[in-house]
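Have a look at the structure first, then read along.

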Amino acid sequence: MTDPDDLTARARIRDAAMRHFGEHGFERATIRGIAAEAGVSLGLVRHHFGSKQALREVCDAHLIKLLRQLDDQVPADYAGDMPANPVAAARIAVGPYRDYLVRALVDGGVAPLFDEMVELGVRRLVAADRQRPDPPTVDPQVRAAIGTAMALSITVLHQHISRAAGIDILSPESDNLLARALIDLHSHPLLTLDEAQAALDRLPPEGN
């Protein structure tokens with residue numbers, strides 16, 4: 001039977017590791033530093049997680065769990081009643097781990113999280129493609145990967161976005177603004193599909 005105190009200790013160490021990884025990066029982070037951050041012994045960290053790599057995998061798995069919970073809140077057709085602003089829900093859920101996420105993305109980490117986001121995106125795109133009057137010309141895996149990168153770029157580049165927008169784009173006060181900006185961008189593209197396809201068709205063949 002699992003000791004509830006062990007679960008609490010594991011969560012405390014995991015969150016401390018995410019803060020430590022976010023500040024120092026994975027390569028410079030140490031088990032000793034994580035133990036100090038969590039206020040526990042070095043031996044307890046090794047007892048629960050064994051190695052720094054195993055601890056990072058647990059951190060990534062925690063983010064994936066949060067991602068799945070957020071995805072469950074979004075109706076499959078985007079037209080149903082939402083329990084909350086999805087931007088606000090994401091900020092509340094992921095906000096405490098933002099530094100970890102940004103550092104890992106820049107350093108080439110969190111591959112499991114990225115892959116999970118792509119997989120969730122593929123499922124939604126495949127369902128949406130069935131309702132499209134025009135067949136898509138790009139594989140849903142590619143579209144989902146690019147969409148994932150665009151979504152994550154807001155977190156990575158939030159300081160630049162905030163400077164341009166004149167407001168902290170990841171603050172509670174910006175939840176509605178960011179949600180409306182994303183809706184406007186996706187629902188009002190700069191080019192129509194026909195215009196964009198025609199522009200591509202006018203390009204010279206590759207290699208010329």
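Q: In which hand of crossing does H6 pass H8?
A: In this predicted model, local features need pLDDT of at least 70 and side-chain atom pairs count only at pLDDT 80 or more, while totals for chains, interfaces and linings use all residues. Residues are numbered from 1 along each chain as its sequence is written, and side-chain values use heavy atoms, leaving out hydrogens and water. A crossing is left-handed if the near helix is turned anticlockwise from the far one by less than a right angle, and right-handed if clockwise. The way H6 passes H8 is left-handed.

Q: Which residues of H8 make the contact with H6?
A: Contact here means heavy atoms within 4.5 Å. From H6 come Arg98, Leu101, Val102, Leu105 and Val106. The residues of H8 are Leu152, Thr155 and Val156.

Q: Is Thr155 buried or exposed?
A: Thr155 sits in helix H8, residues 140–156, and, leaving aside neighbours within four places in sequence, is in contact with Arg98, Leu101 and Val102. Buried means under 20% relative accessible area, exposed over 50% and partly exposed in between, with a 1.4 Å probe and protein chains only. Thr155 has a relative accessible area of 16%, so Thr155 is buried.

Q: Which residue with a positive phi follows H2?
A: Helices are DSSP runs (H or I, at least four residues), numbered from the N terminus. H2 covers residues 31–38, and its buried residues include Ile34 and Ala38. With phi near 75°, the residue that follows H2 is Gly39.

Technical notes. Helices (H or I, at least four residues) and strands (E, at least two) are DSSP runs, numbered from the N terminus.
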